[in-house]
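Subject: Structure for your study

Dear colleague,

Please find below the structure that I am handing over to you.

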Amino acid sequence: MAKKSRVRADAAGDNPRRPCPCGSGRRYKACHGAGDDVIVTRPFEGLAAECDLVAMREFLPSATAPLPLRDTGGRTVTVATVLPGASAALVRPDGEILLGMQVQTRSGDLSSDLARALNWALTSEPGTALPVVGPGLGADPTRLQDVLDADAALDLTLHTDFGWWVSEADAARPSPEVVATLERANSVIVPTEAVAADGVRAAYWVDTGSKAHLRWVRPESEERLLAALARLHARGELGLGEDTRYAGAFRAHGLLVPVWDLDRDQHAKEWIGPVAAFAARLDAALAEDSPLTDAQRRARDALAGKQVTLR
C-alpha cells in the first residue's frame, strides 16, 4: 500500500484557532486539535486516479466516474462529486452504489472515510443513503488504496446538470420535491469542461461568470513543481498565450493546483493547443536537474507567494 503523507494533529502547528488541516472548515481546536487523530495530508497518494479525485473533491460541480475497484462482487460502483443531500453514499433501488466526494469529513483521512462509506453501501439495502461517515461505522482501517486498482485512472464524465441524481425508473414521473431540488442544484453549477489535450490530465476550463480559468491538478511534489514553474517564469514561458495570466496555485490534499486567468471570449476547446504546448514546456522543465539560478530562485519565491491552502 502507498505510504501515507500524514501529520499528527497535536504537532500540526501551535495556533489552535487556525483552520484544521484536515479540510473540514472548522477551527483546529474544535476539530482534530481536540484529540490525537492522524491527519493524512495526501489521502490519495499512490493512485493513478489521485488528480481526478482531488478535482472531484474540490472544484468540479457535477461529475461521475466508475470506481476502478479490484473486486466489486458484481456490483456497479460510481464515484460522484456530490449526491442528493450531500450524502456520503447511497444505494439505488437497482443496487447501484454511488459514493460522494464533496461531503463533510469526520476523520483526518479522506481515503479511509470513502472506503468506510463503500463498505457501508456494499452491505446496505437498496434505496438507502448514508448521510455522513460517522463513529457508528466503526474504526475500519481499510483505505481506497486497499480496494482500488492503483494503476487505473478515472473515466470521468462531466455533466451540465444533476439529472443523473434521478434513476431511470423515477425520471419519467419525478415528484415536485425532486424537481425543486434539481432546479436549485442546477442553478449553481459553474460551466466546467475538461481540456483534453495529449499528455494532459486533470486540467479543467472553468467559467465563473466574471472570469474564465484553467485549473490543473498536478501530481508532482510541491517543491519539484514549483521549481519547474520558476524555470518557466524566469524565461517568460509561464503563460498560456495572449490575454492569459498565471494567477497562482492552491494546495489541495497534498497536491498543487495551478490556476491561469483566461480570455472568456474563447471556448474551452480553443485552449487545447496552448495547454498541450505548455505541457511540453513543463515536462522539459521538470526534467531539468541543475540548481536554480538567482533569477529562477527569485521567480520561485514570487510564485510561492501566490499559493494558498484550500480552506
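Helices (H or I, at least four residues) and strands (E, at least two) are DSSP runs, numbered from the N terminus. By this rule, the chain has eight helices and 14 strands.

Please note that this is a predicted model, in which local features need pLDDT of at least 70 and side-chain atom pairs count only at pLDDT 80 or more, while totals for chains, interfaces and linings use all residues. Residues are numbered from 1 along each chain as its sequence is written, and side-chain values use heavy atoms, with hydrogens and water left out.

Of the 311 residues in the chain, 47% are buried, that is, under 20% relative accessible area with a 1.4 Å probe, protein chains only. Helix α1 (residues 50–58) is largely enclosed by the rest of the structure, because nine of its nine residues are buried; among them are C51, L53 and M56.

Six strands form an open sheet with mixed pairing, in the order β7-β5-β6-β4-β3-β8. Its edge strands, β7 (129–130) and β8 (157–158), each pair on one side only; two strands pair if DSSP finds at least two bridges between them. Strand β5 (residues 89–91) runs antiparallel to β7 and is joined to β7 by two bridges. In this pair, A89 stands opposite L130 of β7.

Helix α2 (residues 110–122) packs on the sheet and touches β4 (77–80), β5, β6 (97–100) and β7, where contact means heavy atoms within 4.5 Å.

Yours sincerely

Technical notes:
Buried means under 20% relative accessible area, exposed over 50%, partly exposed in between (1.4 Å probe, protein chains only). Axes are lines fitted to C-alpha atoms, for helices over the stretch in contact, and angles run from 0 to 180 degrees between N-to-C directions.
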